[in-house]
Amino acid sequence: MDEVKVITFGCRLNIFESEIIRKRVQKAGIKNAIVVHTCAVTSEAERQAKQQIHKIIKENPDAKIILTGCSAQNSWQNYKDNQNIFAILGNKEKLSQQYYNELAILTQKDAPHIYVGEILTNPPEMIEVQPKDDLFKFDGKTKAFVQIQQGCNNRCTYCVVPFVRGKNQSFSEKSILNQCKTFIKEGYKEIILTGVDIAAYGSDTKNKSLFGLVKKILDTFPKLQRLRLSSIDPAKSYDQILGLMKLDRRLMPHFHLSIQAGDDKVLNDMRRRHNREDIISLCKKIHRANKNSAIGADIIVGFPGETEKEFENTYKLVKKCNITHLHVFPYSIRPGTVAAKMQNQINGNVKKERAKKLRELGDKLKYKFIKSQKGKKTTVLVENKNQGYTENYIFVNIEGDPIPNNTIVNVKITKVEKDGTAYARVIK
């Protein structure tokens with residue numbers, strides 16, 4: 001097996017980085033390699049990665065297994081004695097060609113070869129992506145990810161991200177624009193700006209901001225048809241971005257918010273920088289800017305000390321703000337975090353029940369939202385077999401003649417099934 005296989009867990013940023021890692025391994029000439037790019041945001045994510053590694057070892061006894069990503073950074077000690085793993089690379093090392101070049105001349109018998117540096121006080125150097133060397137086609141995909149920053153300066157009590165990703169660092173505008181230029185030239189219709197905390201873009205430099213970057217991209221590339229943002233922090237102001245969205249339809253009316261809770265006491269215990277009213281205000285502004293906007297959110301249930309009333313406050317907020325694309329996580333103890341030492345840890349069954357209740361609400365709100373779009377006109381980026389996403393992130397099936405992938409078509413949503421499956425037809 002000469003092809004490099006990369007198995008990715010976690011966020012959109014990991015997807016982006018996985019393709020760069022693939023290129024690094026190929027360039028180094030490491031044969032028979034399987035890279036497992038891990039996530040550590042929850043204990044479940046780490047459990048899944050461990051399970052996958054065990055399966056890979058069993059099914060590919062002769063493969064050179066390279067473990068990297070946030071779990072490798074956070075918990076490399078758990079793997080250091082596993083001789084079936086060829087190498088472990090931390091987040092500081094995983095994008096550097098140097099380490100893969102070294103691995104190319106090493107043998108399996110000395111495994112695992114460990115390259116994991118301290119990252120919080122000694123953050124990784126910003127490795128600028130070079131379009132000619134590192135940009136790539138996402139096989140079978142129509143959307144391209146562009147990383148605009150790395151790391152996070154916040155210290156939420158439940159989160160290990162700053163400890164595995166380091167501090168906030170913004171990529172240069174030049175590098176970002178070069179990536180966009182290359183993707184557009186390759187024919188991509190949609191670009192998604194990604195990072196650990198994209199709202200913090202430019203806060204470590206002078207005269208830079210997320211709004212300024214978004215406007216620059218739209219102004220520089222009139223041929224770009226869609227620009228979408230990944231998760232954003234409700235503590236920031238997005239008035240300028242929302243104003244821009246009203247003027248330029250290429251900025252998609254779809255926002256994913258890092259809410260985490262809808263109760264002020266829980267938010268304070270989490271050491272979040274926003275409160276309940278900040279969330280409500282932002283959601284109102286988003287819907288005023290475009291009444292058909294879709295709002296998604298990350299929410300943690302069962303945080304230490306969360307009472308039933310406090311959970312109900314989160315439940316009511318989701319309903320009040322009409323948040324239609326929910327990512328719900330039962331609170332997961334992350335060793336080394338403040339929250340891991342808090343009293344009043346919530347029973348696992350209670351966490352599961354709260355997560356189930358919130359997900360059921362999310363399903364109802366999503367169905368209601370999709371149903372409200374019936375009869376409306378929009379555009380769809382066709383991704384596979386006449387299927388794709390609308391501007392406000394509704395997945396639709398387009399009836400009629402086959403449409404080439406990577407085509408944006410005007411449609412009218414004609415039918416919504418009871419399970420939320422949406423259908424549309426092409427219009428002139």
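Predicted model: local features only at pLDDT ≥ 70, side-chain atom pairs only at ≥ 80, totals over all residues.
Q: Which residue forms a salt bridge with Asp 219?

A: For a pair like this, look for a side-chain nitrogen of Lys or Arg within 4 Å of a carboxyl oxygen of Asp or Glu. Here the partner is Lys 215, with the closest N and O atoms 2.8 Å apart. Lys 215 itself is partly exposed, at 34% relative accessibility.

Q: Why are Lys 215 and Asp 219 separated by about one helical turn?

A: An α-helix has 3.6 residues a turn, so residues three or four places apart point the same way. In this case, Lys 215 and Asp 219 both sit in helix α8, and because they are four residues apart, about one helical turn separates them.

Q: How many salt bridges does the structure hold?

A: There are 20. One of them joins Arg 165 to Glu 17, whose closest N and O atoms are 2.8 Å apart. That pair links distant parts of the chain: Arg 165 belongs to helix α6 (residues 161-165) and Glu 17 to helix α1 (residues 12-28), 148 residues apart. Both Arg 165 and Glu 17 are buried.

Q: Which residues are linked with Arg 165 in a network of salt bridges?

A: Glu 17 and Lys 94 are in that network with Arg 165.

Q: Which residue forms a salt bridge with Glu 190?

A: Arg 228 does, with 2.8 Å between the closest N and O atoms. Glu 190 is in strand β9 (residues 190-194) and Arg 228 is in strand β10, so to speak of the chain, the two are 38 residues apart and link distant parts of it. To judge burial, check whether the relative accessible area is under 20%. Glu 190 comes out at 1%, so Glu 190 is buried, and Arg 228 is buried too, at 0%.

Q: Back to helix α6. Which residues does Val 161 touch?

A: Val 161 is found in α6. Setting aside residues up to four places away in sequence, Val 161 touches Cys 152, Gly 166 and Val 196.

Q: How about pockets? Which residues lie nearest the centre of the second largest pocket?

A: With a pocket, ask about its space and its lining. The second largest pocket contains about 240 Å³ of space. Its lining has 15 residues, with Lys 366, Ile 370, Phe 395, Gly 420 and Thr 421 nearest the centre.

Q: What supplies the largest share of that lining?

A: That is α13, with five residues. Both α13 (348-372) and β16 (395-399) supply at least two residues each. Sorted by class, the lining has eight nonpolar, four polar and three charged residues.

Technical notes:
Residues numbered from 1 in each chain as written. Heavy atoms only, no water. 1 Å grid on protein atoms, 1.4 Å probe; cavity = no way out; pocket = protein on both sides within 12 Å on 5 of 7 lines; lining within 4 Å. Points joined across faces, edges and corners; volume = space filled by probe spheres on them. Nonpolar A, V, L, I, M, F, W, Y, C, P; charged D, E, K, R; others polar. Buried < 20%, exposed > 50% of the residue type's maximum accessible area, 1.4 Å probe, protein only. Contact = heavy atoms within 4.5 Å.
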